Amino acid sequence: MSVSAAAGSTGLKAARTALEGSALLARPLVRSASAESARGAEDNGADVGAQPVTVIIVPGWRNSGPGHWQSLWAERIPGAIRVQQLDWAKPHRAAWAAAVQQAILGAPHPVVIAAHSLGCIASVHALASLPPEALARVAGALFVAPADPERRALFEDFSPVPAQPLPFGSIVAAGSNDPYCPIRMASAYAKSWASTFVRVPDGGHINIESGHGEWPLGWALLGALVAQARVRAPIRAVA
């Protein structure tokens, strides 16, 4: 499924418009930041219903700095896990994927991944090498502005990118003018991963530089995935 979010669209209204007809909107989205914070100690996760969900935030190359939507979400969502890499400047596929896997295996609840740029590619590599029982812990993923590792020699270790369909609901959101990944490549990723594709006109790399600090559309898209994930049966942590 491919949709386009109008430039300047924000929040729940934009997400509903962009994903009209999608099963991802079968349940209400995440509560406000204040409501989430009030329940943080009780839920230990981004709980939007009876079933808590752990959001795992996976930054890309050089990490996501203050004011980036990933950093804001990490502060906003109770129990969110932010993946930390040993070397943000010189990424290596094995190490980056292992860090994502460690976060998935250590999460106390079903997982929804929120990845950006090279973090998307690291996440897909991590998912591709997880055993079935561990992969079952992942209930959704939001891949934002996925990188094309073939466009930069520093990222060539991440190529080829896994192309297997993912066994859970996922969304790829990409700017129509992303300088690091052509929109056709992002669309191809979405098709191969069986993800809903959201085209963001003039969205750039969907980061601070492109004007996406507080990013309401992304927040609503994440909420759609969390709403879907929360109806899954509870699962036990993998030893």
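Tutor: Buried means under 20% relative accessible area, exposed means over 50%, and partly exposed lies in between, computed with a 1.4 Å probe on protein chains only. The model is predicted, so local features need pLDDT of at least 70 and side-chain atom pairs count only at pLDDT 80 or more, while totals for chains, interfaces and linings use all residues. Residues are numbered from 1 along each chain as its sequence is written, and side-chain values use heavy atoms, with hydrogens and water left out.

Student: What is the relative accessible area of Ile-206, which has a positive phi although it is not a glycine?

Tutor: Ile-206 has a phi of about 50° and is found in the loop between β7 and α9, where helices (H or I, at least four residues) and strands (E, at least two) are DSSP runs numbered from the N terminus. Ile-206 counts as buried because its relative accessible area is under 20%, the computed value being 0%.

Student: Which residue forms a salt bridge with Arg-76?

Tutor: A salt bridge is a side-chain nitrogen of Lys or Arg within 4 Å of a carboxyl oxygen of Asp or Glu, and the structure holds 1 of them. Arg-76, in helix α4 (residues 69–76), is linked to a residue 138 positions away, in the loop between β7 (196–200) and α9 (216–229). The closest N and O atoms are 2.8 Å apart, and the partner is Glu-214.

Student: Which peptide bond is cis, with omega near 0°?

Tutor: The proline concerned has its place in the loop between β5 (138–144) and β6 (169–175). The cis bond runs from Ser-159 to Pro-160.
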